[in-house]
2 protein chains.
Amino acid sequence: MKKIKIGLIGWGTVGTGLVKLLRRNSGLISRRLGAQLVISRIADLDITRDRGIKVSPSILTRNPSLILNDPGIDIVIELTGDPNLSGEFILQALRGGKQVVTANKALLAESGKILFKAAEENNRGIFFEASVGGGIPIIKVIREGLAANKITSILGIINGTTNYILSRMSEDGISLKEALSEAQKSGYAEKDPSLDLDGIDSAHKLVLLSSLAFGGWADLEKISVEGINNISAEDIVYTKGLGFTIKLLAVGKQTSAGADLRVHPTLISHQHLLSSVNGVFNAIYVEGHYSDQQIFQGKGAGEGPTASAVGADLIEAGRNILSGDFIVPGRISVENDLKLAPKGGIECRHYIRIPAVDQPGVLAKIANILGSGNISIASVIQSSRRKSGVVPVILMTHKAGELSMAKALKRISQLSEVKSSPLRIRVED
Amino acid sequence: MKKIKIGLIGWGTVGTGLVKLLRRNSGLISRRLGAQLVISRIADLDITRDRGIKVSPSILTRNPSLILNDPGIDIVIELTGDPNLSGEFILQALRGGKQVVTANKALLAESGKILFKAAEENNRGIFFEASVGGGIPIIKVIREGLAANKITSILGIINGTTNYILSRMSEDGISLKEALSEAQKSGYAEKDPSLDLDGIDSAHKLVLLSSLAFGGWADLEKISVEGINNISAEDIVYTKGLGFTIKLLAVGKQTSAGADLRVHPTLISHQHLLSSVNGVFNAIYVEGHYSDQQIFQGKGAGEGPTASAVGADLIEAGRNILSGDFIVPGRISVENDLKLAPKGGIECRHYIRIPAVDQPGVLAKIANILGSGNISIASVIQSSRRKSGVVPVILMTHKAGELSMAKALKRISQLSEVKSSPLRIRVED
């Protein structure tokens, strides 16, 4: 049986999971692929730490060049996550005629134009199933499973950390701070959780999903991104009472004006397929002209699921090698930039929480501003008086445009009775 | 750009959807595939009916041989659903060196051993994404997306008709008969719905899913199949009160004794990922050693979703042709039969409804029989007295084996106070 040789650069949690997977399932994978995947070298700065698996010391090295310059290696797996070096590793591998597998979404989102171009020029593939949605094979689903469709809409819960935090806030009424600290203790959040909480990680993944689905490169810089930092325990309570769940959504929609791409906390109705996706689960909702509504759900992170995705990529890369380096159709193309819709174009319902001094006439002033911006109020929740004298005014609006809403919120925040910035959450209907 | 020629045999609803799809998305598909898909001939017994699309009469024929014997045709799409002829069409196409796409699950489940063998011998593929789960790309997900995993468990809601009926019964408390007639009026159930209601359609699909996932041919005859005909409105009410939803599940599990394959109404907890899959939606839950729990959900039938799946298969078949008829790895292999677990091996909790005469001592007799079979009762629901004098005794048991449960149910049905066969529903924990 033909052997396909693999070099692994970056031997952390996912790399360790992968080595376990390839060892445990080697027979099964050989049968399914029709070739044997052999790890011929592993490079990492730390090759002495005990990772709970035995690996022959002869294949370990601190020097990634021994992989990149080895003509016998067919596939390079880049799992360093190193923002400075990983791109260079991938370019070298492609130029050396190797197929590349990576889980590095930040790198691909930021430098994808260069990297995917290099892949095309060298007639090799960059496989990145593990970069979005953990073990959910969403890249393959969009690229191949739904390939006959014009995809119209992608809604993704694609950051496990924020989904865990929002789920915990909703379940137990705890604050974001408490939920975050719990997530950190359970290993679901990094020490510095800002990439997750600020929505950047979701935006990285949205670049990949929408570039693939909509057929043009989606520039990270042009995606509007809002994180979950301002969501309070009381927002969770009020919106739940109104029949909604708050989720950090990555939204990609094809509109007649271009692609509408954004990441922000979003209210989704309890009836929506995504509303019951809780904890560390990820889910991606995809709508196509023919395929209609679909949802793909699974664990979004962790050694096992991520190793599963890297393993699928290895088999796919192996398939390409066996078929004579035939290029996978439908890959991300960086020739054209995706045409984006102007940012003010969206219209949706909004939830607004305005921290205001409890005085007669405040609501009238707020209603006035909204009315003059042509925003109609659907309902108002009066919360009970508080010792501080600051009482949130909670509003649901009917559909309103992005620009008039921004304008109105600015005017509201300038009212003397309003003590801090209003919070608004868009509704996904 | 290279042209790939297609012949379509069977021009019904799905075929019509496909012709629309290929026309509307031809540019997009050519870009994604790198070749142009051209429908060069359509065969159907009825080529005059108005299908709402214009097709050049020159490509229409009543004679499928004009497709099967045309050396210029690369891919044959078999959508006749004809139980007598479709198999012969597929065999002829494969022998003529054509790739084959079909949605005919009944045919594949019954004659898969012959057909997949012929595909292998002729170095061609049978693509059947549309045969399970409508537009959900579950075949590709299992074959490729999760290919690095040992798959341990598949739970499928893969029959839209029964799921619609059970959902309607649950929503509005109506009877199965009423829900069925509603489904028939809405086009969600056939005039003769027995294949769906009896669970046979789900079993056909389970053959395909488990043969693919577990790596050996699953013989249809050996799958235990139970339909939903005996589920009553009161079962829905009682089980809902106990925290469960009733779903017709296709179950495939790898156990140490072999594969455990069955189709039956099943109680799943409201917390389970599958419990909120309602109406005509299908969903397949797949668990792998590394991928962990995943769920794939979408519309299980209809012109659009099914055409989407056939379209994806065409692109996949086209990719194979472009890569020099390279065989897709991980396909269904019919060399070996799947090793099946002995049928009595399962253990689970049960819901039991026993229609009994309302007399003192009945419950004691029932409890006695269960106890002597080593089945312990977890709870009993006493329903209110009725004019008829027959009152259902409703029980939940703790985990009990299949054989002892069958024995106990038989003894209970022989009690003079028990007026008709007890109903039992297994719990999926």
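Okay, let's start with a crossing: helix 1 of chain B and helix 12 of chain B pass each other in a right-handed way. (Right-handed means the near helix is turned clockwise from the far one by less than a right angle, and left-handed means anticlockwise.) The helices here, H or I runs of at least four residues, and the strands, E runs of at least two, come from DSSP and are numbered from the N terminus.

Before I go on, a word on the model. It's a predicted one, where local features need pLDDT of at least 70 and side-chain atom pairs count only at pLDDT 80 or more, while totals for chains, interfaces and linings use all residues. Residues are numbered from 1 along each chain as its sequence is written, and chains are lettered from A and ligands numbered from 1 in the order in which they are written.

Back to our pair. The axes of helix 1 (residues 13-24) of chain B and helix 12 of chain B come within 8 Å and cross at roughly 65°. That makes helix 1 of chain B roughly perpendicular to helix 12 of chain B. (Axes are lines fitted to C-alpha atoms, for helices over the stretch in contact, with angles from 0 to 180 degrees between N-to-C directions; under 35 degrees is roughly parallel, over 145 roughly antiparallel, 65 to 115 roughly perpendicular, and the rest oblique.) Who touches whom? Helix 1 of chain B brings residues including B:Thr13, B:Leu18 and B:Leu21, and helix 12 of chain B brings, among them, B:Glu303, B:Ala307 and B:Val310. (Contact means C-beta atoms, placed from the backbone, within 7 Å.) By class, that contact has five nonpolar, six polar and one charged. (Ala, Val, Leu, Ile, Met, Phe, Trp, Tyr, Cys and Pro are nonpolar, Asp, Glu, Lys and Arg charged, and the others, Gly among them, polar.)

Next pair, still in chain B. Helix 5 (residues 105-121) of chain B and helix 10 (residues 200-214) of chain B have axes that come within 8 Å and cross at roughly 60°. That makes helix 5 of chain B oblique to helix 10 of chain B. Their crossing is left-handed. Among the residues in touch are B:Leu108 and B:Gly112 from helix 5 of chain B, and B:His204 and B:Leu208 from helix 10 of chain B.

Now, how do the two chains relate? A rotation of 180° with 0.0 Å of shift along its axis puts chain B on chain A, RMSD 0.0 Å. That is the relation of a two-fold axis. In chain B, the C-alpha nearest the axis belongs to B:Phe296, 2.4 Å away from it. (The superposition is by least squares on C-alpha atoms of residues with pLDDT of at least 70 in both copies.)

And the interface itself? There are 46 residues from chain B in the contact and 46 residues from chain A. On the chain B side, helix 12 of chain B gives the most, with 10 residues. That side divides into 21 nonpolar, 17 polar and eight charged.

One helix pair spans the chains: helix 6 (residues 138-145) of chain A and helix 6 (residues 138-145) of chain B, whose axes come within 10 Å and cross at roughly 125°. The two are therefore oblique to each other, and the crossing is right-handed. A:Lys140, A:Val141, A:Glu144 and A:Gly145 meet B:Lys140, B:Val141, B:Glu144 and B:Gly145 there.

Definitions and conventions. Contact = placed C-beta atoms within 7 Å.
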